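Let's take a walk through this structure, one piece at a time. Have the viewer open and follow along.

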Amino acid sequence: MNRLIIWYGELLTQKKLIKRGALFLGPGMLWLMIFLVLPGLILVLVSFAARGAYGEMVWEYSFDNYKRLMGYGIFGWTPDYLVILLRSVWVAVVTTGLSVVLSYPLCFFIARKPERTRYLWLMMVIIPFWTNMVIRTYSWFLILAPELPFAKLAAYLKIISPGMALYPSAFAVYLGMVSMFLPFVALPLFSSVERLDWTLVEAAQDLYSSNLRIFMHAILPQTLPGLSVGIILSFVPAMGMFVVPDLLGGAKYMLVGNLIQQQFGTSRDWAFGAAISMGLMILTMFSLYLYRRKNKGMELL
Amino acid sequence: MRKLNLAVNTMAFGTMAFLYLPLMAVAFFSVNNTKYGLAWKGFTLNWYLQLFQNEVILHAAWNTLILAVVSTSISTVLGTALAIGMDRFPWPKKMNTGFDLLLHLPVIIPDIILAAALVVAFGFLRGISSFFEPGLFSMIVGHITFQVAFVALVVRSRLVSIGKDVEEAARDLYATTPYLLWNVTLPLLMPGIVAGAMLAFTLSLDDFVISFFTAGPDSVTLPLYIFAAVRRVVTPQIHALSTLVLLATILLVGVMERFTRKKNTP
């Protein structure tokens, strides 16, 4: 402990150095312990508790909340909650997938612009990234309103009855979700596309490979780092999203985020809400684990 | 190849339209001179003028600003100290892995889980102090919690990129620890600190979920107000408010990008 060391050109004892380091780390660490780690642990504990008659917490430990999440209620087994959980995974996967499909052309388009205007185009993607999600979600109300051509076309095609808006519906949820998370995929992807070595693509073209093979063998491996960050940045928040399904899906297309929000809002069942949060956490981590196993050696952020 | 180029361009334009059409519709209908419906009835700025007479909205704007300024100041100080503490001391490798995990935690868990955890934790802390009633104070605490990690990550990457040569040179010239920190490390770090603070500020303005879970009746912010309003009925006033928020975002992003770009090309 009292060994002398040279650290950054200063001669001092190890004990003194550790003390000084702790001084820097202390306040931030303490904050994260009290308001991040501790609440997380409490949430785990609470998920095993029960709800009292007036919405208060009752400390009777059981797996009841988790059984309820799996569908075992007083009236036998129902798949309602499981459907919502699986639907959330599905929506997150589809949202991320569609965002990736739309992001590639967008990134190529921006990367090929001359340097002067490229930055402006990139800004066009950065601005929605930072625009408040409530505004971005409700703005679809206007586009999908019954007075506008989109709803009229759908009514003409007999998809909806005339005079109805295109929301709330599953379709509106997907629309809102993809537009929400597309910039989350496109921005990290662009940083990879910008550095793409086009000579490899040209070489593949010279050797008469098909467009699909060019993409799979010359473009995808080179852009994988940015793509992976984008997929995680979009998939994780998409799993817990509740603003989009709340405004654009209504009761018709609930996701796990809405379910959690209900427990902490109107139902006032914190214990069950905590259990659903745990379920969401496990699903998210498991999905990321699967993705990481498929893409060994990828770097997170 | 030309056909492919055309397809890429068309898709890119389509995607841009997809991103911007809804936002442009909001701006368009914010100057439409009718209270109901989407028919064009002439240009007006009335909805904007009405905003500035609406006490509830002004109060919400004030709350949003206070929340962002206070949480950003505290999280910048905490995050910067945390980054220096992590990077500039010989911690064992295991501890460094722990630090990494802790900093990435708020980034990789869905924010609704952090919000739920905070609600439950505040519920318990209320037994100790009435500060933790839902309201501006708990919102500030919640915002700082996710901001600290982002600030620390940004500042730490700057610490790594400036290296330790200058600091060692200062030590060789007999700089004391406070002198070194104040006159060498912090000035070198400044671009990273400002970038981190701006990121934290934008995150706070942008946040909906954490605020929604921890807000009280008196601490409504603009995103919360807009959310509550559009669940009932969408008015042109809301369009006007949203357009102003959008313009503020564009301004903020412009400043932020300009700043971080300057850092990259000195």
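Chain A holds twelve helices and six strands, where helices (H or I, at least four residues) and strands (E, at least two) are DSSP runs numbered from the N terminus. The radius of gyration of chain A, taken over C-alpha atoms, is 25 Å, well over the 19 Å that the globule rule gives for 301 residues, so chain A is more spread out than a compact globule. That rule is 2.2 Å times the number of residues to the power 0.38. Along the principal axes, the C-alpha atoms of chain A fill a box of roughly 80 × 65 × 35 Å.

A word on ground rules: this is a predicted model, in which local features need pLDDT of at least 70, side-chain atom pairs count only at pLDDT 80 or more, and totals for chains, interfaces and linings use all residues. Residues are numbered from 1 along each chain as its sequence is written, while chains are lettered from A and ligands numbered from 1 in the order in which they are written.

How much of chain A is buried? The figure is 41% of its 301 residues, with buried meaning 20 or more other C-beta atoms within 10 Å of a residue's own, exposed 12 or fewer, and partly exposed in between, all with C-beta atoms placed from the backbone. For a local example, look at helix H4 (residues 115-130) of chain A: its 16 residues reach 23 Å from first C-alpha to last, close to the 22 Å expected at 1.5 Å a residue (1.5 Å times one less than the number of residues). In H4(A), A:Val125, A:Ile126, A:Ile127 and A:Pro128 are buried.

Now for the partner. The contact takes 67 residues from chain A and 70 residues from chain B, two residues being in contact if their C-beta atoms, placed from the backbone, lie within 7 Å. Helix H1 (residues 14-46) of chain A gives the most to the side of chain A that touches chain B, with 17 residues.

Over in chain B, B:Ile128 lies in the loop between helix H5 (111-125) and helix H6 (136-162). B:Ile128 counts as exposed because it has 8 C-beta neighbours inside 10 Å.

As for confidence, the predictor gives the complex an ipTM of 0.87 and a pTM of 0.87.
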